[in-house]
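Please look over the sequence and the model before reading on.

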Amino acid sequence: MEASKTNTQDFPNQADIVSSYSPALINSLDDVLDSYMTADEISRVHNAYWFGANAHLDQKRMSGEPYIYHPVQVAKIMAELRLDAVTISAGLLHDVLEDTNITKKKLSEKFGSAVAEVVDGVSKLPKLKYKSAEISQAKNFQKMLLAMAKDPRVILVKLSDRLHNMRTLEHLPIDKQKRIAQETLDIYAPLAQRLGIDQVRLELEDLAFKVLYPMRYEVLERAVRKYDKRKEMVDKMLDNLRRHLDSTELSYHIYGRSKHLYSIYRKMKERKHCLVQIFDIYAVRIVVSTIDHCYRMLGILHNLFKPLPGRFKDYIALPKPNGYQSLHTIVVDTHGVKLEIQIRTEEMEEVANSGIAAYSLYKTGETSKSSTAHLWLQNLLALQQKTGNNSAEYMENLKTELFPAEVYVFTPQGEIIVLPRKATALDFAFAIHTDIGLSTSRIRINGNIEALNYRLQSGQVVEVITADNAVADSRWLELVVTTKARTAIVQHLKHIEGREAVTLGRYLLKKALLGYQQLLSDIPKYRFKEVLGSLGLKSQAELFREIGLGRQLPSLVVALLTDIAHTDEWPSLEIEPEAIIKGVKGMIVVCAKCCYPIPGDAIVGTMHPGKGLVIHREKCANVNTKKIKRIMLKWSDKPNTVAEYSAAIRIVVPHRRGVLAILASKIAQTGSNIENVYLDEQGIDSAAITFVISVRDTHQLNKLMRRINQVFDSVQVSRIGPG
């Protein structure tokens, strides 16, 4: 959080500061440090505290507190992770380079190069004039990641800093609160999870959730508190379990926990469940002494309770990329009560909570070149080098790289390859080696030949068959999901000589035209000129090159070039739902916010330079003019049960206590999520409420509107948009 800047050249002595700050401030930090640090180490931390207090002496936080309160709280968070004196000192000094006249050289002379490097890694770049806030954000992340690769303690300070800022976010304007909370949910919480620092990640998620969706947070918090009866039944299960375990020679500790609100919300959203269907609101962790005891404990549990089929996960044999290890199982007692149980050793427990902070090698600053965290950080640096100055692409790829869900597959030699969820066979080939990926001809899954876009599942054995004449082209970008594969393909296409790119683009466009029984020579010159103008291109050769490099989709260019693309007679382009919300490389595909098209609607498209293909409902007034050339589209017939789209409905209801909560509940019962709510007072007796909601298609939306119509005697429900 920013300080009120006051630069000072000469700092007062310690006695002056003592009069300004209560001894309780540093004593609260000492209470934690005393449990694991030596007297010499604590003395080093104290020196950093007094130096930081001097540097920030005349600065205040937005809350009005002396600024040094913030670094001390950051240091306490790190002390609770039992970090070393260098890291704690850097936490106390993490803002002095950015907010005072202290130089890196002076910091190094006073506390050593290790502390100075960590503080410099956390500090933002000087406030240069970038074209946008997004570019500035990307540059600062790139700087931080570079410092992280040299010393992972940088990210431990940064995450602790972000956590305390989130705890005190209420002192900032609402718009800034939401921006910081969204950034936390998009970047910092996944980063903490990727590095295994779970106790920080969980709190970051809940704090961000509360700021971004306060109504949902409050409703969910209130609902979870009502689960006392279920907790009583879980306690009875635990008493039964303890009686059986006490009769064995196994030493153990049992910890009960309530699932964090954001974790519950995310699971409800992903699985389309209501709260009563989430059975792991309460979970149990059993900590034992050895790995052998983990599996023996699992056997006792499965003899005592019935395990739920398909819900056992062995993260001890197959650890997560962040080092997390544990056995997960879900059991059911004779009354049908389900309970999630995690079994792990003390060491696994420490790693699960603190991640890289639990490893002594990070506490000494000696980064293992083969460690999971180090290799992952090096991959992020390689990503930075490949994306160059394209900050938007870098940030998008960074978010993809932070995505936590994984699948585990094997090479024919038995090596485990970890890939993100929905990764394809072609992603696997690039994970082995870029050259292998670019020369992939076929893929064999468990001995059977499968398509390159085959979605991998954990446990499969994957074999890549290469060929010298295999050529990667722009269509491969639609077959991969991993950052490494996508970046490698784009780089390969960029390195194709201009003439080869033009030749490839011409070939792909000719092939696409043949699908409509058209030849390239059939396209009038004036039509080419119009299309080139709409795409911001200067020549046919440039258009071919854009297609060859994967920046334009041949099928969409054909739609613009051909007459049949502007009539109701032509065979419509199929738009896959997943492509709409995620976009495809080189050609952005988005749903218009003026009419909120969703699957089931009749749709048309318009091309916009810089925006790509924009989808509208067919009767939308914004596309029903002679000046706009429309492309007739249709939704894909392929079912998609995952993708969701925004739709807007307007509800006029009588004034009544709790009416908003009732409507929100009815919407949630249909499996829809509320994205936004707008209130428009109509009069004494009624009010109009606009809900922007997430739905899969028109069928779900119509069902929702029918249900709302049944809530009150007098209610008007209408969809916003044409028709």
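Does Thr 440 count as buried or exposed, and at what relative accessibility? Thr 440 counts as buried because its relative accessibility is 2%; buried means under 20% relative accessible area, exposed over 50%, and partly exposed in between, with a 1.4 Å probe and protein chains only.

The model is predicted, so local features need pLDDT of at least 70 and side-chain atom pairs count only at pLDDT 80 or more, while totals for chains, interfaces and linings use all residues. Residues are numbered from 1 along each chain as its sequence is written, and side-chain values use heavy atoms, with hydrogens and water left out.

**The chain and Thr 440**

The protein chain has 30 helices and 20 strands. Helices (H or I, at least four residues) and strands (E, at least two) are DSSP runs, numbered from the N terminus. Of the 723 residues in the protein chain, 49% are buried.

Thr 440 lies in strand 9, residues 440-445. The side chain of Thr 440 reaches the backbone oxygen of Ile 436 at 2.8 Å and the backbone oxygen of Gly 437 at 3.1 Å. Leaving aside neighbours within four places in sequence, Thr 440 has contacts (heavy atoms within 4.5 Å) with residues including Leu 426, Leu 452, Ile 465 and Trp 476.

**Helix packing**

Two packed helices are described by the angle between their axes and the distance between the axes. Axes are lines fitted to C-alpha atoms, for helices over the stretch in contact, and angles run from 0 to 180 degrees between N-to-C directions.

| Helix pair | Angle | Axis distance |
|---|---|---|
| Helix 8 (residues 113-122) and helix 10 (residues 153-167) | roughly 55° | within 9 Å |
| Helix 10 and helix 12 (residues 198-212) | about 35° | 10 Å |

Helix 8 and helix 10 are therefore oblique to each other; angles under 35 degrees count as roughly parallel, over 145 as roughly antiparallel, 65 to 115 as roughly perpendicular and the rest as oblique. In helix 8, Ala 114, Val 118, Gly 121 and Val 122 meet Arg 153, Val 154, Val 157 and Lys 158 of helix 10.

Helix 10 also packs with helix 12. Here Leu 159, Arg 162, Leu 163, Met 166 and Arg 167 of helix 10 meet Val 200, Glu 203, Leu 204, Leu 207 and Ala 208 of helix 12.

Key
Polar contact = N/O pair within 3.5 Å; in protein donor to acceptor, adjacent residues only side chain to side chain.
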